[in-house]
Structure formats: C-alpha cells, structure tokens
Amino acid sequence: MSNYETITVEKRGRVGVLTINRPDKLNALGAKVHEEGVAALEEFKKDDEVRVVVITGSGEKSFIAGADISEFEGKTPVTQRATFNEKTLFNSVDSFPKPVIAMINGFCLGGGNELALACDLRIASEKARFSQPEINLGIMPGGGGTQRLTRLIGEGRAMEMILLGDMIDAETAHRFGLVNHVFPADQLEAETMKLAEKIAEKAPIALQLCKEAVKFASRSNLDEGLRREVDLFAIVFSTEDKQEGVSAFLEKRKPEFKGR
Ligand code: COA
C-alpha cells in the first residue's frame, strides 16, 4: 500500500483498515483527506485479498469532527460546489463494491456523520457523539446528510438533528437506528474486526450485488427495485461461488468462496 500524509492504511488479513490520521484536528475532513482516502479506496478496490474495509479515526477522542472548517474560508459557491461534486470520500464509499464499516470511536460530526452514513454498517463506541452541526455555522449539510440521514432514521428525527445541530449520544443514535451496534470503548475494535472478518468470509460477488440491491432500495420505487433485485439474483447464479455455496451445504461442509 502507498504512504499517505493524512490517513494510514493497513491490511489485517482480509480486512482493509483506513484510519483518518489528523488527531490534533480531531480528524477533520480536509481536501487532502478526501484525495488520499479516495486513492486508498482505489487500492483496496483492486486488491482481491481485501474483502471488507473498515474506516475509523485516530486517537481516543474523535472519529471525524466534520469538514475542515478552516478550508471554508475564501470558498466561493462555485469552488465549493465543484469540490463536493468531485471525487469525495462520500461518493467513493457509497459506490465502493465491497462492504465498508464505519468504526466510530468518538466525535462523529458533520461530514464525519455523513461519511459514516455513506458506509454500509456503523459500529460505535459508547463514548461516540453524533451531530449534524452545520446549522451552528450558518450553513447546511452538503455531503449527503439531508438525504442519507433522512432515509436512515426518518424525517422527524433527521429534521431535529439538522435544524438543532445538537449532539446525541451513542445510545440515542442506536435507538434511532443511526448505528447498528454500540460497544464499550475498549471492545470497539475487537468487536468491529470480528464482524468485518465474518463478512469477509462470505462470497465477494454476492456481497457486492447485495450491497448494490440494498442501496438501490432508497433510490428507486418498489417495482423498479424488485426488478433490479431479480436481475442481480440471476447474475449471482453465474458465479462459481454460488456452486460452491450450494455444494458445501449439500455436502455438510464449510464453503470456501473465491470471488469468482
Ligand atoms: N475543522 C477544523 N478544525 C477542527 C474541527 C473542524 N471541523 N474540529 C476540531 N478542529 C480543531 C480545533 O480547531 C482545534 O484545533 P487547535 O488546537 O489548532 O485550536 C482542535 O481540532 C481540537 O479541537 P477543540 O475544539 O479544541 O476540542 P474540544 O474538545 O474543545 O471540542 C468539538 C471538540 C468537536 C466540540 C469542537 O472541536 C467542535 O465543535 N468542532 C467543530 C465541529 C463542527 O462544527 N463540524 C462540522 C463542520 S461543517
């Protein structure tokens, strides 16, 4: 893997770990983090050994404390729009063909929450805090917050988070369905890796098609979604892993999926 300035990347078996590494700035998402994060995801995408990616923040305190506010100064509407329409981490994670898990170790604010929302699963520490605080800066979410948060937790709860900009704790985020699981801080990493490794054992093409189908659910109507699902279901029947999965079941053994 390449070396980066604002992130670190490592492979732990079949799990790729991308850590935003600006602890002195609470891992704020600056342009360089987006650029390097997108490049690292490209590396993980091409690497067949990597079956699942975990994204987290360095240090004890923060997952990601939002967009880098210092970079907002001097931005015009045109340059800001271009930045957010370009290759962002939000878009790269959203269209990433393998499952992506947000391991939320602390502050999960603004663009940090939006990045977590673009991930497929969100696992939080009891110490994590969540917010869309843009309103307190006189702006609004621009990395998918108004859209993905609303689809995930419903309009009433999303509206309250976005209009008030207050922080909610991990237990509330869990109750809202914003995060899948909450663990004590000292167990977060082990539990997240356990989950990632469990997913990493499954058939990669089936995982990719499942992700595509589920994501399509909030982007289509029911009839279109059901048609897409049947098409993807048919495609998965062309894989060697489908044969392996079915044979292993009938032979009462554990399947060995190869991603073909
Ligand atoms: N962008 C740029 N820098 C940020 C940042 C952000 N989103 N969030 C934190 N930082 C920086 C701080 O400026 C500070 O830098 P400094 O040491 O050079 O002054 C450093 O990270 C530590 O943050 P600090 O505010 O001192 O920590 P805290 O524990 O007192 O407060 C927060 C933590 C998260 C409550 C506070 O940092 C905060 O409100 N951050 C902004 C959150 C936000 O609005 N994000 C959405 C952006 S659209």
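1. K252 is exposed, with a relative accessible area of 78%, where exposed stands for over 50%, buried for under 20% and partly exposed for the range in between (1.4 Å probe, protein chains only). The residue lies in the segment after α11 (240–250), and its phi is near 55°, a positive value in a residue other than glycine. Most residues other than glycine have a negative phi.

2. The model is a predicted one, in which local features need pLDDT of at least 70 and side-chain atom pairs count only at pLDDT 80 or more, while totals for chains, interfaces and linings use all residues. Residues are numbered from 1 along each chain as its sequence is written, and side-chain values use heavy atoms, with hydrogens and water left out.

3. N27 also has a positive phi, of about 65°, although it is not a glycine. N27 is found in the loop between β2 and α1, and at 0% relative accessibility it counts as buried. Helices (H or I, at least four residues) and strands (E, at least two) are DSSP runs, numbered from the N terminus.

4. Around the ligand there are 17 residues, of which K25, K61, A65, A67 and I69 come nearest; a residue is near the ligand if one of its heavy atoms lies within 4 Å of it. By class, this shell has 11 nonpolar, 1 polar and 5 charged residues, with Ala, Val, Leu, Ile, Met, Phe, Trp, Tyr, Cys and Pro counted as nonpolar, Asp, Glu, Lys and Arg as charged, and the others, Gly among them, as polar.

5. The protein covers 59% of the 870 Å² of accessible area that the ligand has on its own, as computed by the Shrake-Rupley method with a 1.4 Å probe.

6. Strand β3 (residues 52–57) is mostly covered, since 6 of its 6 residues are buried. V52, V54 and T56 point one way from the strand and V53, I55 and G57 the other way. β3 pairs with strand β2 (residues 15–20) in the parallel sense over 6 bridges, and in this pairing I20 stands opposite G57; two strands pair if DSSP finds at least two bridges between them. Strand β5 (residues 100–104) also runs parallel to β3, joined to it by 4 bridges, with V100 as the bridge partner of V53.

7. A separate open sheet is formed by 4 strands in the order β4-β6-β8-β9, with mixed pairing. Its edge strands are β4 (62–64) and β9 (168–169), each of which pairs on one side only. Strand β8 (residues 129–131) and β9 run antiparallel and are joined by 2 bridges, and R129 stands opposite D169 in β9.

8. Two helices deserve a remark. Helix α4 (residues 111–118) is mostly covered, with 8 of its 8 residues buried, including N113 and E114. In helix α2 (residues 77–85) lies T83, which is partly exposed, with a relative accessible area of 26%; T83 and H34 are 49 residues apart in sequence and 9.9 Å apart in space, C-alpha to C-alpha.
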